[in-house]
Amino acid sequence: MSALTPLVAFIALMAWAWSSALWAHGAGTDSLPWAVYTQSFYLSGLLSIALMSLTMVLAVRAPWLERPLGGVDRMYRLHKWAGIAAVLFAALHWLLEMADDLVKAVYGRAGRPAESEYDGWLGALQELGEDLGEGALYVALAMLALTLWKRFPYHLWRHLHRAMPVLYLVLALHAAVLAPPHYWAEPVGLLLAGLLTLGSLAAAWTLTGQVGRSRRYAATIVSVATPMPGVTELVCRLPGGWRGHQPGQFAFLTLDWVEGAHPFTIASADHGDGLVTFQIKALGDFTRHLGQHTQVGQPVAIEGPYGRFELGRQRQKARQIWVAGGVGVTPFLAWLDSLARTAAQGQSTPDADLHYFTRNAPQDPFAQQLQAGCAAVPSVRLHVHDSQAAPQTSAQHLVAESAQARQRTEVWFCGPAGLGQQVRSALRQKLGWRLRFHQEAFELR
């Protein structure tokens, strides 16, 4: 299932609710131009606040949502695209509001539905909601621009993004007091009320610092190393309350309040000793200077574990192909670490082909770790592809050679998005519906 499939289904659900209200109540006018204008105005506003409510709920990283949505990485991707869609629908809603005079100039006032207005304190609240909603839209558009501008520093964006729950509460008030009154007697009103309630609770949960609190542990760094240029290895010791992790899962690391939490895959199996290893590649300012700013004995907050890229989720009857590129090797290091113990106990291990793509295999310590790991787990066959030694060989061709056209195949991929797309396309052409492709889609912005 695509990470965006739930988003499409959610938008379809809200569109159905809007259409059911339209069918039951009518457009409120016999004028087609005004009917189209008014209902477009209602639908854009409804979709905007509904999607904003969805982003709020997803932001709390609720454990009960991980399984149906495929893991926190997909939840964050859904959160991102739902937020983008929400702001775009809000912009459309505002443009339609501004176009009111244009419609009057072209088609006249005849047939224009009367606006719903309240008296007393409800009327004052309605005016307040309208004024605040317009200002909140401008802030939301600015936040969207900063989110899409990848060069904007993450630590600054993160602190600005913390204002989103407040922004949501303002827009929730706007939606609650300005929604058509007849909505509240229709299914669309029940959906809207539920979403506003859940979204407001999620916003309050976020503002009070409760997100991930039950999974947050105070750990200590016990080892700092640089196994290869641009990669920092951290070994951390967790307290006794650590619930353990499955091979392939990740955790959020917080070294200081200013930079905030970053997700990293745990590169070791759980041996019950409270030790977890992270192999962190320099991909930005924070990770580039990580080795210089960390030392043995330094406290670190670890939140987790999260993720569904788990060794235990493999289908027993499917052919296994594992593909790693660069630092995407980390979950497979944890898999091999766990399988080595399984093999040492005389138990069976998965039959798999592990493909690792690197630029310089002889100088790559990950390649050496994989060789040692696969030597301890003979059922996993290692294929190291060195782009420096064979620059003309296509990655997808090398992986596709491992697949058999008539056999169901399960591919687990972790690495650069471009490489993943190449591998997926080549295998999809060869295997069709027999392919099941797993790929973490983690991106915080």
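The following questions and answers walk through a predicted model of a protein.

Me: Is Lys 104 buried or exposed?
Reply: Lys 104 lies in helix α5 together with Asp 100, four residues away, which is about one turn of the helix. A residue counts as buried when its relative accessible area is under 20%. The value for Lys 104 is 18%, so this residue counts as buried.

Me: How far apart are the closest N and O atoms in the salt bridge between Lys 104 and Asp 101?
Reply: Side chains of opposite charge can pair when their charged atoms come close. Lys 104 and Asp 101 are separated by about one helical turn, because they are three residues apart in helix α5. Asp 101 is exposed, with a relative accessible area of 52%, and in its salt bridge with Lys 104 the closest N and O atoms are apart by 3.2 Å.

Me: Which residues are linked with Lys 104 in a network of salt bridges?
Reply: Lys 104 also forms a salt bridge with Asp 100, where the closest N and O atoms are 3.3 Å apart, and Asp 100 is buried, with a relative accessible area of 12%. A search of the whole structure finds nine salt bridges. In the network that contains Lys 104, the linked partners are Asp 100, Asp 101 and Arg 112.

Me: How many residues apart are Asp 351 and Arg 381, whose side chains meet in a salt bridge?
Reply: The side chains of Asp 351 and Arg 381 meet in a salt bridge at 2.9 Å, N to O. This pair links distant parts of the chain, with Asp 351 in the loop between α12 and β8 and Arg 381 in strand β9. Asp 351 is partly exposed at 44% relative accessible area, and Arg 381 is partly exposed at 31%.

Me: Which helix gives the largest share of the negative surface patch?
Reply: The negative surface patch is formed by Glu 97, Glu 127, Glu 130, Asp 131 and Glu 134. Glu 97 lies in helix α4, residues 72-98, and is partly exposed, with a relative accessible area of 33%. The largest share, four residues, comes from residues 120-148, which form helix α6.

Me: What is the area of the nonpolar surface patch made by Leu 102, Val 106 and Tyr 107?
Reply: Leu 102 has its place in helix α5, residues 100-107. Exposed means over 50% relative accessible area, so Leu 102, at 56%, is exposed. Together with Val 106 and Tyr 107, Leu 102 makes a nonpolar surface patch of about 340 Å².

Me: Which residue of β6 stands opposite Phe 252?
Reply: Strand β3, residues 250-254, is mostly covered, since four of its five residues are buried. Five bridges join β3 to the antiparallel strand β4, where Ala 261 stands opposite Thr 254. β3 also pairs with β6 in the antiparallel sense, over four bridges. In β6, the residue opposite Phe 252 is Glu 303.

Methods
Residues numbered from 1 in each chain as written. Predicted model: local features only at pLDDT ≥ 70, side-chain atom pairs only at ≥ 80, totals over all residues. Heavy atoms only, no water. Patch = residues over 30% accessible without salt bridge, like charges linked within 9 Å, V, L, I, M, F, W, Y side chains within 5 Å. Areas by Shrake-Rupley, 256 points an atom, 1.4 Å probe, with all protein chains shown as cover. Salt bridge = Lys/Arg side-chain N within 4 Å of Asp/Glu carboxyl O. Lys, Arg positive; Asp, Glu negative; His and termini not counted. Charge placed at Lys NZ, Arg CZ, Asp CG, Glu CD. Helix = DSSP H or I, 4+ residues; strand = E, 2+ residues; numbered from the N terminus. Buried < 20%, exposed > 50% of the residue type's maximum accessible area, 1.4 Å probe, protein only. Pairing = 2+ DSSP bridges.
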